[in-house]
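Here is a short briefing on a structure.

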Amino acid sequence: MALQVELVSPERILYTGQAEMVICRTVGGGDIAFLTGHAPFIGALEIHEVRIKLVDGGEEKVAVHGGFVEVSHDVVTILSDVAELAGQIDVERARRAKETAEHDLRETHDADTEAALRRATLRLDLAS
Amino acid sequence: MAGGKERVLKRRIKSVESTKKITRAMELIAASRIVKAQQRVAAARPYSERITEVIHNLAAAGAGSSSPLLNPRDEVRTAGFVVVTADRGLAGGYNSSVIRTAERALQNEVAAGRDYSLVLLGKKAQSYFRFRGYRVDAAFSGFSEQPSYEDARVVAAEVMRRYEEGLVDRVDLVYTRFFSVGTQRVESRQFVPLDVAAVTDAPAEGPKADYEFEPSPDGILEQLLPRYVEARLFAAMLDAAASEHAARQRAMKSATDNAQELIKALTRVMNRARQESITTEIMEIVGGAEALAAAATATATE
């Protein structure tokens, strides 16, 4: 039995598939991995990658910019308003966003810009 | 002069024909967009269903009693309205019926001695309420036909900010709900604070699983509720977009039909005019020939 994984954004379902294991990072809780038979779980996600280890041994990486994960009955649902599969990331755009955010951070320090920098960095990490 | 009336009619028919071409094109465009808009409504559904489910589970774990987004204020001094309309007209009664519903609700609040606050989506609502001298607190436009989640997030953030700062005590959402291509209805729903009963009194499907939460149920709910508000607004905007296309398609279809009728009627009048002018011409020729013949016989007998 494998895990059923669903990655859902407000506009559409980004990804569905079977997986061996799902690893993500929750707010304040650190990394957590889900295997089949995991106890029901609801968590808020950090701006961090989510790794989906596929049944065939492959791995799908997803940039999740905040969101939620719900696990019950071997179904892992990831809800995120902004998420991208590693293969779909626009590297050029992420690089520009990172430069802008770094530039802004030199002048002001607010949470929004910091989050923007983290998102851009995450995108670049995953794409490379 | 013979043929004058006919020429005028011909010109009219030509102009109606070109109008018909335009309305026909708009009808076809709207029809193809309805399908796309419906697909977007369907594609957005899983997210809002899942998020509702998670909220149910959190509520079952006893979270959320303290969140301001869930608790109605004791005294409502300012009633807010989010009105979703289109940027463009030519959609039959689509815009006016939303605006009328919103204005009536607003008048009721004012009659009850409350203040109002308007957040408007779409150029049509803006021009209507501005022209009538209502105070518009925030207005957004440029995305009515194809709203993105980002648009919904911006609007929702503005609404929640006003609510949290106490500028409004309750916000209703007025939009057109899409049932089918043939049916759309204007709906007015409480938007913020969230309807506690609808959110938490879930149809309990069997015994709830014992969830683990990270961080705490309250911590998650605090982050989740704004997303839920956004998702609800987004769903309403998508419904409104689908309704807009459906209304426009209907309006343009009847415009095309009317143009066709008009062309038929005008062609008939034109044909009659032409026939008349031909008849007159023949009469004149016959009359003239007879007169000549009469004159010829007269000279011959002399």
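B:Val82 touches B:Val119, B:Leu121, B:Val159, B:Val171, B:Leu173, B:Val174 and B:Phe191, leaving aside residues up to four places away in sequence. The model is predicted.

**Nonpolar core**
- The largest nonpolar core has 97 residues.
- B:Val82 is among the members that touch the most others, together with A:Val22, A:Phe68, B:Val83, B:Val84, B:Val174 and B:Met237.
- Helix H6 (residues 217–301) of chain B gives the most to this core, 18 residues.
- Domain 1 (3–86) and domain 2 (89–127) of chain A both contribute residues, so the core lies between them.

**Helix H3 of chain B**
- Helix H3 (residues 123–131) of chain B has B:Lys124, B:Ala125, B:Tyr128 and B:Phe129 buried.
- These buried residues line one face of H3(B), because they fall within an arc of 115° seen down the helix axis.
- They pack against strand E1 (78–84), helix H2 (94–111), strand E2 (115–121) and strand E3 (136–140) of chain B.
- After H3(B) comes B:Gly133, with a positive phi near 80°.

**Contacts between chains A and B**
- 22 residues of chain A are in contact with 24 residues of chain B.
- On the chain A side, strands E2 (13–26), E4 (41–54), E5 (59–72) and E6 (75–79) each supply at least two residues.
- E4(A) provides the largest share of that side, four residues.
- The residues of the chain A side comprise eleven nonpolar, seven polar and four charged.
- E4(A) and strand E6 (residues 212–214) of chain B run parallel, joined by three bridges.
- A:Ile42 has B:Phe213 as its bridge partner in E6(B).

Definitions and conventions. Residues numbered from 1 in each chain as written. Chains lettered and ligands numbered in written order. Predicted model: local features only at pLDDT ≥ 70, side-chain atom pairs only at ≥ 80, totals over all residues. Core = buried A, V, L, I, M, F, W, Y, C linked by C-beta atoms within 7 Å. Buried ≥ 20, exposed ≤ 12 C-beta atoms within 10 Å, placed from the backbone. Domains from an automatic or database assignment. Contact = placed C-beta atoms within 7 Å. Arc of directions from axis to C-beta. Nonpolar A, V, L, I, M, F, W, Y, C, P; charged D, E, K, R; others polar. Pairing = 2+ DSSP bridges.
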